[in-house]
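Hi,

Here is the structure I promised to send over. Have a look at it first, and then read on for what turned up.

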Amino acid sequence: MKRAMAAVVVAATAVAGLLFAQAPERALLKSPQGEASVSTLELNSQLYLAADDFVKAMGGTMEPDGAGFKVTLLGKPGAFAVDNQYGVVRDELIAMPGLPVVIEGRAFVPWQFFRGFLATAGDLDLQWDPQTRVFTVSPRVRQLLTASISVIDLDDITKVVVQLSGKTQFTISRRQQSYVVKFGNPIGSPFTEQSYQNPHLARAIFRASEVEFQLTGADVVGSAYRLDDPFRVVLDLRTGAPAVAPSTPGAINLPQQRVPGIRTIVIDPGHGGSDTGAIGPNGTEEKAISLALARKLSASLSKKLKARVVLTRNSDEAIPLTQRTAIANEYQADLFLSIHLNSSLRKGAQGTETYFLSLDASDELSRQVAERENEADTAPSPAAPEGDLKFILWDLAQQEYLKESSDLAETIQDELSKATNTENRGVKQAPFRVLIGATMPAALVEVGFISNPDEESKLTSSEHQDKLVAAIVGAVERFKNQYESRIGVTPAPSVGAPAPAATPAPTPAAPVTTAPPTASTGTSR
Amino acid sequence: MTLRGVALGALFALLLAGCGRKGPVQATSSPTPPPPTALTNKPVMLFYEDDGLLLAPRIENVALPAGDAASLRPLLTALFAPAPAGSDPRSVPEGIEIRATYLLPDGTAIVDLSGPLLTAGWKTGSQAETMLVYSIVHTLTSNVPAIRQVQILVNGQPAETLAGHVSLERPLTPNARFVRAQPKQVQ
Ligand SMILES: [Zn+2]
């Protein structure tokens, strides 16, 4: 069955612009269905499998579909396309080390596509032994992971932290009055069932590879995110909808429906009330200008970006720093911006600065949380100071978003420098109190030096304020576009390195959702 | 020192603040000022805000006693000294004073600040606040190798911030983003 492939391959690979191709060779496929011979091909030092051979040997079906092929294996649908390095199985993407190719009507795909397919569709493992040229399909050996659970009461939110001894995939689904976290591995549980005296969580029940969290009421909603090293799934539970009805029906009240993206923005006008903030040489108070700017920002952002904008204060009132972040979390904001005016002892200081949170001790923090959580397991009512643990957890909350916050800060700094025609001194990182604990990309903007008389007078002018607002809005728009295209199209966990799978019933606060790309049907762009 | 025992700076700070009012903490820290010992003039690096709004070290001679813990206060006193007439303003505004300093065995320096400016509420921006906080952190960590981090207190108590921006709830570590250049450490 070797056919006259050598010549064909040379022609086809030349057309495809692929070098270093070799003629197809045979390999043996051992599976529960028996043994079969399959064609393989080496392209650009990657091993490709003839899709038709493999699918047939596994008892599946395959048909052309646009620029690609639809594949059904083990009863599960999937697809790949010749111009897309990601295949898809159900809703999950499978990264491949090279593009699929079609040679004389036969599709060859990097063999890792099928490894991912079998893992997702049938919980099977596909291994390749280059020495013996044998592919082996076998049930995946699932390591038993031990789990521990800690439940932490933080004001209006209950944080449920499930820590595992290793990484695994997980899905979270909502049942009537509970959330079920299902893991990709069997779980060694610390208990079978446990009740809690908690406003949101009534009971936790372990079963094989899942844990069910029974809620105290149907109005308890949640969001979840993942933390690594150690691997944890954090479920934030709270009661009901945010304080204010969302402007987009269903946007917030149905956490299952929360679409990743920048849709709600919380703007925090710095200082307020007795806390005037910095005061300029001519008496201008930071708190007044920050509020004026925040109001203008709000109007412009809701108009231009169609975003829902919430201000942490809309009058001259003192609001604790922690409450400002809490407001952003409560509204499930997708972006948090704190607006300030700067001051320096150096009279000539001028220009804008944008900051995001620094957590240089984050590794240590993770370790501390782990230690604390372990303690919490053994001691049901931890004697450790609540505030301290709370602080560590909030730190980790923003840590999830540091990359996005850094991008956001850089984009804002870039636009502001251009708009004010000042040198871009770059972004800076510091432990800004108001940014700690924000569960979304967050930055603090210093729009100018009120301590500099020239800048002070500019900052009070409506015209200059409009310029600043336009720059920030432009930056948010740029960030929004980049962020949304990124989380929408390229989550691509590499095959074999398990990352949390999709299926957020409470939407993960972090964009760990695997959304199929537009080309995921295999028909491609 | 386990975290279980000490947790983070806030707890630390509370502990020390409580003790600090009654007297020096015997077990874990050295009280300042120390008993009079021989002073040696040594070149040290003091960090001040420069024209580019970053901290830059200046080498100055400071009379230091023997011992890491005892050198904290003289270092900060030099850093806090008013700028000589005609020179650039320093990073420390008038009205902020050093109330006490301690050095814990784990390398945490405790700097207890006070003064009318802080008591009344320091009304300033991020720039002035970060510069003061990190001038303290960098001056101490650069000159005393045993110091790993700095916990700032206000009037003997844990403080959220000095002026509404930088969190003081946990010890601060050096922050390279606020420093222009880092010359070789002066011994
Ligand atoms: Zn401010």
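A residue is called buried here when its relative accessible area is under 20%. I205(A) has a relative accessible area of 11%, so I205(A) is buried. Keep in mind throughout that this is a predicted model.

**Around I205(A) and E210(A)**

I205(A) is part of strand β19, residues 201–207 of chain A. Setting aside residues up to four places away in sequence, I205(A) touches T192(A), E193(A), E210(A), V211(A), E212(A) and Q214(A).

Is E210(A) buried or exposed? E210(A) counts as buried, because its relative accessibility is 11%. Apart from neighbours within four places in sequence, the contacts of E210(A) are R175(A), V180(A), V181(A), K182(A) and I205(A).

**The zinc site**

Which residues coordinate the zinc ion? Chain A supplies H271(A) through NE2, E286(A) through OE and H340(A) through ND1, while chain B supplies H165(B) through NE2, at 2.1 Å. The angles subtended by the four donor atoms run from 91 to 165°, which makes the arrangement irregular. For a tetrahedral call, all angles would have to lie between 85 and 135 degrees. E286(A) belongs to helix α4 (residues 286–304) of chain A and H340(A) to strand β25 (residues 335–342) of chain A, so this pair ties together parts 54 residues apart in sequence. Both E286(A) and H340(A) are buried.

Chain A has a mean pLDDT of 77, and 76% of its residues reach 70 or more. Within chain A, β25(A) has the highest confidence, at 97, and helix α1 (residues 5–16) the lowest, at a mean of 40. Two stretches call for some care. Over residues 242–258 of chain A the pLDDT stays under 50, and the model has 34 contacts for them beyond four places in sequence. Residues 489–525 of chain A are also below 50, with 98 contacts in the model beyond near neighbours in sequence.

**Chain A as a whole**

There are 10 helices and 28 strands in chain A. Of its 525 residues, 56% count as buried. Looking at contacts in chain A between residues at least 6 apart in sequence, 66% join residues at least 24 apart. Chain A exposes about 21,000 Å², and carbon and sulfur atoms supply 51% of that area.

**Some strands and a helix to look at**

β11(A) pairs with strand β12 (residues 134–139) of chain A in the antiparallel sense, over six bridges. Across that pairing, Q127(A) stands opposite T136(A) in β12(A). The two strands form a hairpin with four residues between them, and R133(A) in the turn has a positive phi of about 55°.

Another hairpin in chain A joins β6(A) to β7(A) through four residues. Strand β6 (residues 76–81) and strand β7 (residues 86–89) of chain A run antiparallel and are joined by two bridges. Here A79(A) is opposite V88(A) in β7(A).

In helix α5 (residues 321–330) of chain A, the buried residues include L321(A), R324(A), I327(A) and A328(A). Just after α5(A), Q332(A) takes a positive phi of about 50°.

**And in chain B**

Chain B has an open sheet of four strands, in the order β3-β4-β5-β6, with mixed pairing. Its edge strands are β3 (97–103) and β6 (157–158) of chain B, each of which pairs on one side only. Strand β4 (residues 108–114) and strand β5 (residues 149–154) of chain B pair in the parallel sense over six bridges. T108(B) has Q149(B) in β5(B) as its bridge partner.

Cheers

Note on methods: Residues numbered from 1 in each chain as written. Chains lettered and ligands numbered in written order. Predicted model: local features only at pLDDT ≥ 70, side-chain atom pairs only at ≥ 80, totals over all residues. Heavy atoms only, no water. Donors = N, O, S within 2.8 Å, 3.2 Å for Na, K, Ca; no water. Tetrahedral: all angles 85-135°; square planar, octahedral: opposite > 155°, others 65-115°. Buried < 20%, exposed > 50% of the residue type's maximum accessible area, 1.4 Å probe, protein only. pLDDT = per-residue confidence, 0-100. Contact = heavy atoms within 4.5 Å. Areas by Shrake-Rupley, 256 points an atom, 1.4 Å probe, with all protein chains shown as cover. Pairing = 2+ DSSP bridges.
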